[in-house]
Amino acid sequence: MVKIAVTGKGGVGKTTFSGTIARLLARDGYDVLAIDADSDMNLASSLGIAEPPLPLTNYKEMIDERAGEAGGMFKYNPKVDDITDKYGVTGPDGVKMLVMGTVERGGSGCMCPASSFLRALLRHVVLKDSSALIMDMEAGIEHLGRGTTRGIDLMIIVVEPGMRSIETASRIKDLASGIGIEHLAAVVNKGTSSDIKPKLAELGITVLGEIPFSAELMNADFEGKAPLDSGLENIAPFIEIKGRMLEMIEGFKDEEPKDEN
């Protein structure tokens with residue numbers, strides 16, 4: 001199973017990218033689960049889903065029952081194998097979707113039933129042999145502090161022309177290595193990679209491709225439509241990035257497995 005997390009600073013277009021890649025993978029025959037892990041929860045529109053499921057964190061009693069323990073403790077590995085069928089929806093191209101919701105917490109790294117439950121979901125959710133998990137993460141880097149992306153095969157950082165985006169990518173890389181995420185790549189959105197690519201190379205981050213600025217994409221966003229449902233003529237950049245992404249992940253299989261103990 002391929003597990004991909006998409007992140008980046010706010011406003012770079014990571015949700016549009018996540019939804020489009022998820023549907024393209026589904027059209028290739030993958031069994032795709034898309035998880036909205038962004039507190040703004042906008043992934044549904046980029047997938048073409050009019051009525052998204054309720055956030056999992058709304059089901060407090062269910063989470064407490066499965067992840068909670070007496071005395072305020074929590075189970076590290078709660079039951080999650082039935083969550084997709086019970087609490088998700090299926091959208092265009094057969095993409096399944098879950099919404100994680102926001103974990104109320106006093107600080108980064110919250111160790112509470114909801115946080116434990118969501119992390120277990122990402123570790124253990126299993127689909128078919130030919131399957132893919134796409135996670136649209138919240139903007140910035142706080143999710144890395146909570147460790148909700150452990151077990152991800154590839155983290156894709158969406159960047160746009162500008163040093164703020166590069167600085168965010170640098171912080172993401174530093175924090176990702178601290179929780180065992182070794183494979184990162186970038187996608188340049190709303191511009192060309194000629195100026196950004198050398199800076200990302202200095203950080204050791206491979207650029208999978210670029211998505212030029214598109215008025216069609218912007219209009220689709222304003223109208224709340226999925227790019228693949230809005231008559232977008234040029235989806236070639238997304239298709240090329242998807243191909244390079246899969247090639248990169250395939251190459252990971254030749255690496256020596258790490259001892260997780």
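Which residue is the bridge partner of I4 in β6? In this predicted model, the partner is L154, and the pairing belongs to a sheet that is described below. Residues are numbered from 1 along each chain as its sequence is written. Because the model is predicted, local features need pLDDT of at least 70 and side-chain atom pairs count only at pLDDT 80 or more, whereas totals for chains, interfaces and linings use all residues; side-chain values use heavy atoms, with hydrogens and water left out.

Eight strands form an open sheet with mixed pairing, in the order β3-β4-β2-β5-β1-β6-β7-β8. The edges are taken by β3 and β8 (206-211), each with a single partner strand, so one side of each has no neighbour in the sheet. Strands here are DSSP runs of E with at least two residues, helices are runs of H or I with at least four, and both are numbered from the N terminus. Two strands count as paired if DSSP finds at least two bridges between them. Strands of a sheet pair through backbone hydrogen bonds, either parallel or antiparallel.

Strand β1 (residues 2-7) is joined to β5 (residues 131-137) by five bridges in the parallel sense, with V2 standing opposite A132. Strand β1 also runs parallel to β6 (residues 154-159), with four bridges between them. From β6 the sheet continues to β7, again in parallel, over five bridges; here M155 has L184 as its bridge partner in β7.

Buried means under 20% relative accessible area, exposed means over 50%, and partly exposed lies in between, for a 1.4 Å probe and protein chains only. In β1, six of six residues are buried, and in β2 seven of seven are. In a regular strand the side chains alternate between the two faces of the sheet. In β1, V2, I4 and V6 point one way while K3, A5 and T7 point the other, and all are buried. In β2, D31, L33, I35 and A37 point one way and V32, A34 and D36 the other, again all buried. In β5, S131 is buried too, at 2% relative accessible area. Leaving aside residues up to four places away in sequence, S131 touches M1, V2, Y30 and D31, where contact means heavy atoms within 4.5 Å.

Now to the helices. Helix α7 has 16 residues and reaches 23 Å from its first C-alpha to its last, close to the expected 22 Å, a span defined as 1.5 Å times one less than the number of residues. In α7, S165, I166, T168, A169, I172 and A176 are buried. Seen down the axis, the buried residues of α7 fall within an arc of 155°, so they line one face of the helix; the arc is that of the directions from the helix axis to the C-beta atoms. On the other side of α7, R164, D174, S177 and G178 are exposed.

Following α7 comes G180, with a positive phi near 85°. G180 sits in the loop between α7 (163-178) and β7 (184-189) and is exposed at 53% relative accessibility. Another positive phi, of about 65°, belongs to D93, which is not a glycine. D93 lies in the loop between β3 (89-90) and β4 (96-99) and is partly exposed at 34%.

Finally, a search of the whole structure finds one aromatic pair. The ring centres of Y59 and Y87 are 4.5 Å apart and their planes stand at 55°, so the pair is tilted. Rings of Phe, Tyr and Trp (its six-membered ring) pair if their centres lie within 6.5 Å, and planes under 30 degrees apart count as stacked, over 60 as edge-to-face and the rest as tilted.
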